[in-house]
Amino acid sequence: VAAQLARGGRPSRLLIAPGRGGGQVVFTAEDLSVSFGGRLILQGFSLELPEGDHCALTGRSGSGKTTLLLVLAGLLTPTSGRIERHLEPRDVIYVPQAPSLVPELSALQNASLGLRIRGVDPAQAEDRGREQLEALGLSGVDDALPAELSGGMQQRVALARALAIGARLLLVDEPTGALDHATGEAVIEVLKAAGSTVIVATHDPDIAAGFPRRLVIDKELVR
């Protein structure tokens with residue numbers, strides 16, 4: 001499956017490495033295009049994603065990675081094309097690159113917030129949030145406010161909030177951008193062990209190489 005992406009008037013191609021496949025299809029996208037102010041960002045994107053796939057989305061800055069994640073999450077309407085999701089909106093979680101934590105809430109309160117909003121018992125929500133914080137190497141920060149945490153720690157709290165929900169589809173934008181390499185690799189392993197279908201946008205070729213399937217936005221049409 002290939003997609004055409006436009007940047008500065010020059011087309012790009014999305015090359016897709018084979019995945020595991022064989023599972024129930026999570027979504028089907030056909031010929032999606034997105035334009036902003038007359039500028040074509042995404043053109044002719046098509047993809048069928050089986051449940052359980054783990055994919056890395058790579059490409060240069062400005063190539064359309066975040067736009068693609070937003071469309072797949074249902075947070076941005078494509079200018080044209082069709083996307084059919086075989087799951088409920090509540091089963092899709094998009095995690096932006098910016099942590100987007102509530103500044104007045106502690107790390108644990110932020111990590112459990114998604115579950116609290118969904119009506120989960122507060123004690124159970126905090127237990128689940130704490131479990132994810134610990135899995136992401138954040139033991140002992142339960143009471144810390146976001147301002148007291150580093151950027152990388154804030155990013156992991158946001159990931160803990162998403163993982164605690166247990167969504168079927170996780171769309172994660174640059175989750176290792178503020179982390180050292182070893183911590184980034186550990187975070188990716190937690191994401192892949194979550195039991196969700198996962199697409200991770202990343203600039204790190206080593207992180208991308210650890211995924212069984214890669215979606216590569218290639219401006220020059222050459223691999």
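Q: Which residues of helix H2 are buried?

A: In H2, the buried residues are Ala-107, Leu-108, Asn-110, Ala-111, Ser-112, Gly-114 and Leu-115. Buried means under 20% relative accessible area, exposed means over 50%, and partly exposed lies in between (1.4 Å probe, protein chains only). Helices (H or I, at least four residues) and strands (E, at least two) are DSSP runs, numbered from the N terminus. The model is a predicted one, in which local features need pLDDT of at least 70 and side-chain atom pairs count only at pLDDT 80 or more, while totals for chains, interfaces and linings use all residues. Residues are numbered from 1 along each chain as its sequence is written, and side-chain values use heavy atoms, with hydrogens and water left out.

Q: What do the buried residues of H2 pack against?

A: They pack against H3 and helix H4 (151-165). Contact here means heavy atoms within 4.5 Å.

Q: At what angle do helix H2 and helix H3 pack?

A: Two packed helices are described by the angle between their axes and the distance between the axes. Helix H2 (residues 107-117) and helix H3 (residues 122-135) pack at about 120°, and their axes are 8 Å apart. H2 is therefore oblique to H3. Axes are lines fitted to C-alpha atoms, for helices over the stretch in contact, and angles run from 0 to 180 degrees between N-to-C directions. Angles under 35 degrees count as roughly parallel, over 145 as roughly antiparallel, 65 to 115 as roughly perpendicular and the rest as oblique.

Q: Which residues make the contact between H2 and H3?

A: From H2 come Ala-107, Leu-108, Ala-111, Ser-112, Leu-115 and Arg-116, and from H3 come Pro-122, Ala-125, Glu-126, Arg-128, Gly-129, Arg-130 and Leu-133.

Q: How many salt bridges does a search of the whole structure find?

A: Side chains of opposite charge can pair when their charged atoms come close. A salt bridge is a side-chain nitrogen of Lys or Arg within 4 Å of a carboxyl oxygen of Asp or Glu. The search of the whole structure finds eight. One of the salt bridges joins the side chains of Asp-53 and Arg-213 (2.8 Å, N to O). Asp-53 lies in the loop between strand S4 (39-50) and strand S5 (54-58) and Arg-213 in strand S10 (residues 213-218), so this pair ties together parts that are 160 residues apart in sequence. Asp-53 is buried at 3% relative accessibility, and Arg-213 is buried at 10%.

Q: Which residue forms a salt bridge with Arg-130?

A: An α-helix has 3.6 residues a turn, so residues three or four places apart point the same way. The partner of Arg-130 is Asp-127, with the closest N and O atoms 3.5 Å apart. Both residues lie in helix H3, three residues apart, about one turn of the helix. Arg-130 is partly exposed, at 26% relative accessible area, and Asp-127 is partly exposed, at 48%.

Q: Where is Ser-100, which has a positive phi, found?

A: Most residues other than glycine have a negative phi, and most peptide bonds are trans. Ser-100 is not a glycine, yet its phi is positive, at about 55°. Ser-100 is found in the loop between strand S7 (92-95) and H2. Asp-31, in strand S3 (residues 25-36), also has a positive phi, near 55°.
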